[in-house]
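My notes follow in the order of the look-ups.

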Amino acid sequence: MRNNLATLPWVEPDTIKPNGKTRQVKFTVTDRAKFDLQEVKQALTSRYSDGVKVLAGPTEK
């Protein structure tokens, strides 16, 4: 999952923090305007993308 998300140009790879217990992942984006849930789903492939939801979108620091 971490490697797949790191392929997105607007995701900061060093900030990707998956939590298998809660089935959530947190990461920082370089530009909030470029965040695209469809791109996230495509990057996660069918193994991880089933039921993907955004609990909190990109926010101010």
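I began with burial: 18% of the 61 residues of the chain count as buried (under 20% relative accessible area; exposed is over 50%, partly exposed in between, with a 1.4 Å probe and protein chains only). The model is predicted, so I note that local features need pLDDT of at least 70 and side-chain atom pairs pLDDT 80 or more, while totals for chains, interfaces and linings use all residues. Residues are numbered from 1 along each chain as its sequence is written, and side-chain values use heavy atoms, with hydrogens and water left out.

Next I looked up the fold. I find 2 helices and 2 strands in the order α-β-β-α; these are DSSP runs numbered from the N terminus, helices being H or I of at least four residues and strands E of at least two.

Then the core. The largest nonpolar core has 9 residues: Leu5, Leu8, Trp10, Val11, Ile16, Val29, Val40, Ala43 and Leu44. Helix α2 (residues 37-49) gives the most to this core, with 3 residues. I take such a core as buried Ala, Val, Leu, Ile, Met, Phe, Trp, Tyr and Cys residues joined through side-chain atoms within 4.5 Å.

I searched for ring pairs and found 1 aromatic pair. The ring centres of Trp10 and Phe35 are 5.4 Å apart and the planes stand at 70°, so I log the pair as edge-to-face. The rule covers rings of Phe, Tyr and Trp (its six-membered ring) with centres within 6.5 Å; planes under 30 degrees apart are stacked, over 60 edge-to-face, the rest tilted. Trp10 sits in the loop between α1 (2-6) and β1, and Phe35 in the loop between β2 and α2, so the pair ties together parts 25 residues apart in sequence. Trp10 is buried at 3% relative accessible area, whereas Phe35 is partly exposed at 24%.

I checked backbone angles as well. Arg23 has a phi near 60°, a positive value in a residue other than glycine. Most residues other than glycine have a negative phi. Arg23 lies in the loop between β1 (17-19) and β2 (24-26) and is exposed, with a relative accessible area of 74%.

Last, I looked up overall size. The C-alpha trace spans about 30 × 20 × 20 Å along its principal axes.
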